[in-house]
Amino acid sequence: MHRGKGMKFVGDSRVKANNRMVNMPKDYSEYPGKTEAFWPDFLLKEWMVGAVFLIGYLLLTVAHPSPLEGPADPTNASYIPLPDWYFLFLYQLLKYTYASGPYNVIGAIIMPGLAIGALMLMPFLDKGPERRPSKRPLPTAFMLLSLAAMIFLTWESVVNHDWEAAAKQGEIKEQVDIEIDETAEGFLIFSGEQGKSCIACHGADMQGGAAAPALVGNELTAEEVAEVIKNGRGAMPAGQFAGTDEELQVLAEFIASLKAEE
C-alpha cells in the first residue's frame, strides 16, 4: 500500500479499487498554475471580467446617448442612408460600377458569398497540424487578403462620405403642428403632377427635410412664395414647378396660409 494520491486497499473485497465519491471535485494540486476547476474558480473570473465590461458599456451609454435622427420620411428622396461601421466595407463595395446598379447581385451576394464560402472551406483546405501562420500559407494568405480588403473599403467609405450633410439630414427639427387641408386645391397641386418636385423635397407633410425647409409655419407672403418657386432660392433651383401661372398662384397662396398660430 502506498500513501498519497491514488491510494488503494488491495485484498479487501469490501472496498472497491476504483472507489470515487459522487460530485467529488478533482484535486488540481498536481498541476499548479496549469489548470483549475471550472466551477467556481474559472467561472467566477469570467463573471468579474464581464461585470467590468458591462459597467463600462453602461457608463458609455449614459455619457454618449445614441445619435437619434428625425422620423423616417419615405417621400424624402434626398436622404442618403449610412449603415453601421461594420458594414461600411460592403456599403463601399456597392459604389463601384461592376458591383452596383444592374450588377448589384455581384456586390451584394456573389462576392460576400465567395468570402463566406472560403471561410467555411478552410477546415477542409488546411488539415495540417501546424499552428504557426508561417507554416500555414493558404489560410494566412486568405485572412490577410480579407483583412486588407475590409480595411481599405472601410477607409474609402469613411473618407468619401459627406459627414456634415449626413448630420444635417438626420437632424431632429421641431415640427409646427398645423392641420393641413388635404382637400384644398393648393395641396392637390402641391402633391400632384405639377408639384412632384415639391413633395419630393418638402415631404407629404410639408415638414421639410435635409434638402428643403419646412413649408408649414413659414413667414412668407404669397408673392414671396411665388417668387421662390419661379426663381429658386438657396439649394432650390429655378423652374421646378410644372403647372400654369394660375396654378402657381393658387399654390403660393396655399403655402403662405400655413403660418403658425400666434
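Helices here are DSSP runs of H or I with at least four residues, strands are E runs of at least two, and both are numbered from the N terminus. On that basis, Phe 53 and Tyr 57 both sit in helix H1 (residues 38–63), four residues apart, about one turn of the helix. This is a predicted model, where local features need pLDDT of at least 70 and side-chain atom pairs count only at pLDDT 80 or more, while totals for chains, interfaces and linings use all residues. Residues are numbered from 1 along each chain as its sequence is written, and side-chain values use heavy atoms, leaving out hydrogens and water.

**Overall layout**
- The protein chain has nine helices and zero strands, so its pattern along the sequence is simply α-α-α-α-α-α-α-α-α.
- Of its 262 residues, 21% count as buried (under 20% relative accessible area; exposed is over 50% and partly exposed is in between, with a 1.4 Å probe and protein chains only).
- Taking contacts (heavy atoms within 4.5 Å) with a separation of 6 or more, 56% come from residues 24 or more positions apart.

**Nonpolar core**
- A nonpolar core is a set of buried Ala, Val, Leu, Ile, Met, Phe, Trp, Tyr and Cys residues joined through side-chain atoms within 4.5 Å.
- The largest one has 23 residues, and Phe 190, Met 206, Ile 229, Leu 251, Phe 254 and Ile 255 touch the most other members.
- Helices H6 (185–191), H7 (196–202), H8 (222–231) and H9 (245–256) each supply at least two residues of this core, with H9 giving the most, six residues.

**H8 against H9**
- The axes of H8 and H9 come within 8 Å and cross at roughly 120° (lines fitted to C-alpha atoms over the stretch in contact, with angles from 0 to 180 degrees between N-to-C directions).
- That angle makes H8 oblique to H9: under 35 degrees is roughly parallel, over 145 roughly antiparallel, 65 to 115 roughly perpendicular, and the rest oblique.
- Residues making the contact include Val 225 and Ile 229 of H8 and Leu 248, Leu 251 and Ile 255 of H9.

**Aromatic pairs**
- Rings of Phe, Tyr and Trp (its six-membered ring) pair if their centres lie within 6.5 Å; planes under 30 degrees apart are stacked, over 60 edge-to-face, and the rest tilted.
- The count by this rule is seven aromatic pairs.
- Trp 39 and Trp 47 pair edge-to-face, at 6.1 Å centre to centre and 75° between the planes, and both are exposed.
- Phe 53 and Tyr 57 make a tilted pair, at 6.5 Å and 45°.
- Phe 53 is exposed at 51% relative accessible area, and Tyr 57 is exposed at 53%.
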